[in-house]
Amino acid sequence: MTSLEPNPATGIGNTPADIDSVGQSVVASLKDIRKTYYMGALAVEVLHGISLDFYEGEYVSIMGPSGCGKSTLMNILGCLDKPTEGTYYLGGEDTSEMDDDELSTIRGARLGFIFQSYNLIQQLNVLENIEMPLFYQGYSEQDCHEIAMGLVERVGLDDRIDHKPFELSGGQQQRVAIARALAVDPLIILADEPTGNLDTKSGAEILDLFDELNQQGKTLIMITHSDELAERSPRWVRMLDGKVESDDRRNS
Amino acid sequence: MTDAILEPTVQPRRRPDRSKVRVGNRLVRFKKITQVGIKSIYSHGLRSLLTVLGIVIGVAAVIAMLAVSEGASFEAQQQFRDLGANNILLKSVKPAEVEESSNRGFGPPQAIVYGLTLADVETIRNSIPGISNVIASRIVKKNVWHLGRSMNTDVVGTAVDYPTSRNYNLRSGRFFSETEMRDHANVVVLSDEVANALFPIDNPLGLSIKIDSDYYNVIGIMESEDFSNLGQNQAGSSNAAPSRIYIPFTSSKSRFGETTTRQTAGGMERETVQLHEAIIQVDNQESVIEVGEIIEQILARRHKDIDYAIEIPLALLRQAEESALRDQIVAGAIAGISLLVGGIGIMNIMLASVTERTREIGIRRALGAKKRDIITQFLIEAVILSAVGGVIGVVLGIAIPFVISAFWGMTTIVTPVAPLLAFSISALIGVVFGIYPSMRAADMDPVEALRHE
């Protein structure tokens, strides 16, 4: 079967386990993830065994009240943090075995981050901010430039390429951040409260852009505390006290 | 179940072949990181300037101090070299005990007899091999006259090769000849100083000056001795290097005699000195110090009192070189400390920069920067700061000695080693003091760094 053929570009299909019963390929798989923080002698378990699979082309919202562990989960999904227990497969690779350098590489190559506070680098202009992940992946200067130019056009900021982040509105900054997240063509785009700092109108624009990206086949995972936003997406995972409370799909 | 579902809907864009890309773009990467460093230095203009200033001062101080001490030691060595590295200088010194005894007692003042004798010189010349020449001189203090002008000066009765033995040059005219020496001729060579004092307008050549009751024909003018404390012992004259004129040894002996009289507060003082100074030239520079020791032994045997002094310019030169080295080490150490302080300044600023840019570090880490990328970034920044400081410091360090020379007339020598050394040290300081802050930046937890406000 063709489905078992490994795809070296994405790592998808490297193991049969990546293919679920429905036939959609799994891009990220969390298996019984636990995370314990140690504060001196005190050990606090924040995640109590989370198992989730994310599929190619999915748009998933993860929601829950603050303190439910969704940020911790996000950090683990983003390979910024390692689980205390459990395994996390990203594109068929087991990240729990990776060292710091490999994690850096996988972050840069497989993941795109969108933050609540945009997190653009203030000294760099729009184009340079978008080029940055490409640069760390070792793309040539010319490729960096071409890709970044394409993306800046796509998010509608091609007249602002020389602007510094502080010269842009919040919505524009977030669009730069989205362009930056798309630069390396990641397996998953992780968005942490992407509209949290935006007014309703800019927020809606960003969410429209997310819908558009998802329609083009991008896999999106968005963290939010708003039910309204979560229910916009076809699948939403509700978390409570470090556990998955519900995992629903909209039947379209 | 179709291929369409299994195939990733998003086609990977020209994902470069890692292995090839890594090597090929290392330079581009380096260039980019450097640009980032320059940008961040630029965006903190004043802070960077102050940091650089520490290094500038350190580097400039190293170069300037070394140049000044190098110049001073060169000057000192030049003075000793002028005395002749192959020479041993002897001079007569009035012994303290003799002076006391002569002042006591009654009757007509008795002549004090002391100092080097012709016999000493002959013995030295005949008993030590390797001595090429001995130039003995008598120095008598006299008033010399030309028309209404007079001057008190040392009249040096000496040999024909005196100027060559001391590396002195004649400005005009000539020194006296063997014939004039044999004839006890009344000829004189003036030093610059005396010539200017007695003949402010005229060219003294061919004119004559008067000493006591005799007239001497001026045949040459010699440059003033800029360094000599030899032969100043005539009648206990001051330590200041006296102006000198030169007449043949034979003339000095027959005109002035060996006993000179001096008016003192208590009456007359007479002293008999055969030779006031002698220059002993040695063939081989290597044996100068050895010959000096033998001469000392010979003189010690021949003289009851220590009524002579021996000076070996080469030995003094060695001493000067040693003390010059010591000076340079001290100067270098002081300047080195200021460089160190500059380096600590860099470390301080880099630590501040790392803290201030914690968020940026977090972002870069999240977007795929490895620890080593972060280290490189901050290290390059530190090195740029110190290298810029180094370059400005080198320019200043070379300029300052010129200014010192121009305004204070001090000899300064900038050796090519000094700027090179100072610059390399400054670059090294950038690395050494940049490493710790860079490591701290790289070791930050990305999650923590991203949360940093």
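This is a predicted model: local features need pLDDT of at least 70, side-chain atom pairs count only at pLDDT 80 or more; totals for chains, interfaces and linings use all residues.

Me: Which residues is B:Lys371 in contact with, leaving aside its neighbours within four places in sequence?

Reply: Its contacts are A:Asp100 and B:Ala442, one from chain A and one from chain B.

Me: What does chain B look like as a whole?

Reply: Its secondary structure consists of 16 helices and 13 strands. Of its 453 residues, 40% are buried. Among contacts with a separation of 6 or more, 83% link residues 24 or more positions apart.

Me: Back to H14(B), then. How do the axes of H4(B) and H14(B) cross?

Reply: Look at the approach of the axes, then the angle. Helix H4 (residues 45-82) and helix H14 (residues 371-408) of chain B have axes that come within 7 Å and cross at roughly 40 degrees. Angles under 35 degrees would count as roughly parallel, so H4(B) and H14(B) are oblique to each other. Their crossing is right-handed, and the residues of the contact comprise 19 nonpolar, eight polar and no charged.

Me: Now for sheets. How should I read the one in chain A?

Reply: The general idea is that strands of a sheet pair through backbone hydrogen bonds, either parallel or antiparallel. In chain A, six strands make an open sheet with mixed pairing, in the order S6-S7-S8-S3-S9-S10. S6 and S10 (243-249) of chain A are the edges, each with a single partner strand, so one side of each has no neighbour in the sheet. From one strand to the next, the twist averages 20 degrees.

Me: Which strand pairs with S6(A), and in what sense?

Reply: S7 (residues 188-192) of chain A does, in the parallel sense, over four bridges. A:Leu111 has A:Ile188 as its bridge partner in S7(A). Both faces of S6(A) are covered: A:Leu111 and A:Phe113 on one side, A:Gly112 and A:Ile114 on the other, are all buried.

Me: And how many bridges join S3(A) to S8(A)?

Reply: Five, and S3 (residues 59-63) runs parallel to S8 (residues 219-224) of chain A. There, A:Ser61 stands opposite A:Met222 in S8(A).

Definitions and conventions
Residues are numbered from 1 along each chain as its sequence is written. Chains are lettered from A and ligands numbered from 1 in the order in which they are written. Axes are lines fitted to C-alpha atoms, for helices over the stretch in contact, and angles run from 0 to 180 degrees between N-to-C directions. Helices (H or I, at least four residues) and strands (E, at least two) are DSSP runs, numbered from the N terminus. Angles under 35 degrees count as roughly parallel, over 145 as roughly antiparallel, 65 to 115 as roughly perpendicular and the rest as oblique. A crossing is left-handed if the near helix is turned anticlockwise from the far one by less than a right angle, and right-handed if clockwise. Ala, Val, Leu, Ile, Met, Phe, Trp, Tyr, Cys and Pro count as nonpolar, Asp, Glu, Lys and Arg as charged, and the others, Gly among them, as polar. A residue is buried if 20 or more other C-beta atoms lie within 10 Å of its own, exposed if 12 or fewer, and partly exposed in between; C-beta atoms are placed from the backbone. Two residues are in contact if their C-beta atoms, placed from the backbone, lie within 7 Å. Two strands pair if DSSP finds at least two bridges between them.
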